[in-house]
Amino acid sequence: IDLHGYSSTEAKIKSIEFTTKNFLLGLRLILIITGKGKNKKNDLNEKNKNNGVLRKSLKAWLYDSHMRPNILGIIPSHINHGGDGAFYVYLKNNKNL
C-alpha cells in the first residue's frame with residue numbers, strides 16, 4: 001500500500017487495515033510505502049524535525065495495534081522497493097487458514 005497523500009490519522013488506519021487484511025489472506029510479507037518526508041528547512045537552516053511523520057510512526061502504529069502478535073518484524077525495504085521510504089512487514093503464519 002502507498003500512503004502518500006494520506007494524513008497521519010488516515011495513514012494509521014489504512015496501514016493497520018492493510019496489514020490485517022493481508023494476514024487474514026495468509027500473506028507473509030507485505031510492503032508499506034510511507035515516503036521519506038519533505039526536506040523543508042526552518043529559520044536556523046536545519047532539517048525540520050517534523051519531516052517523515054508517516055515513516056517515523058509506522059512501526060509504532062502497527063506494534064501498538066491488535067496486529068502486534070501477528071507481526072514478526074518491520075524493516076526498511078531494499079532500494080529497489082523504496083529504500084528508506086518503504087518498509088517490509090513480515091507476518092506470522094495464519095494458522096486459521
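Biologist: How many helices and strands does the protein chain have?

Modeller: The protein chain has 2 helices and 3 strands. Helices (H or I, at least four residues) and strands (E, at least two) are DSSP runs, numbered from the N terminus. Along the sequence the pattern reads α-β-α-β-β. This is a predicted model, in which local features need pLDDT of at least 70 and side-chain atom pairs count only at pLDDT 80 or more, while totals for chains, interfaces and linings use all residues. Residues are numbered from 1 along each chain as its sequence is written, and side-chain values use heavy atoms, with hydrogens and water left out.

Biologist: Which strands pair in the sheet, and in what order?

Modeller: Two strands pair if DSSP finds at least two bridges between them. Here an open sheet of 3 strands has the order β1-β3-β2, and the pairing is antiparallel. The edge strands, β1 and β2, each pair on one side only. From one strand to the next, the twist averages 20°.

Biologist: How many bridges join β1 to β3?

Modeller: Strand β1 (residues 29-33) is joined to β3 by 5 bridges; one of the residues involved, L29, has Y90 as its bridge partner in β3. Strand β2 (residues 71-76) is also joined to β3 by 5 bridges, and there the partner of I74 is V89.

Biologist: Why is β3 largely enclosed by the rest of the structure?

Modeller: Start with the term: buried means under 20% relative accessible area, exposed over 50%, and partly exposed in between (1.4 Å probe, protein chains only). In β3 (residues 86-91), 5 of the 6 residues are buried, so the strand is largely enclosed. For the protein chain of 97 residues, buried residues make up 35%.

Biologist: What span should helix α1 have?

Modeller: The expected span of a helix is 1.5 Å times one less than its number of residues. Helix α1 (residues 8-24) has 17 residues and should span 24 Å; its end C-alpha atoms are 24 Å apart, which agrees. After α1 comes G26, whose phi is positive, near 90°.

Biologist: Which residues of α1 are buried, and what covers them?

Modeller: The buried residues of α1 are A11, S15, I16, T19, T20, N22 and F23. Their cover includes β1, α2 (53-63) and β3.

Biologist: Is N70 buried or exposed, and which residues is it in contact with?

Modeller: Contact means heavy atoms within 4.5 Å. N70 is found in the loop between α2 and β2, and N70 is buried, with a relative accessible area of 19%. Leaving aside its neighbours within four places in sequence, N70 is in contact with F23, Y90, L91 and K92.

Biologist: What share of the contacts joins residues at least 24 apart in sequence?

Modeller: Among contacts in the protein chain between residues at least 6 apart in sequence, that share is 55%.

Key:
Axes are lines fitted to C-alpha atoms, for helices over the stretch in contact, and angles run from 0 to 180 degrees between N-to-C directions.
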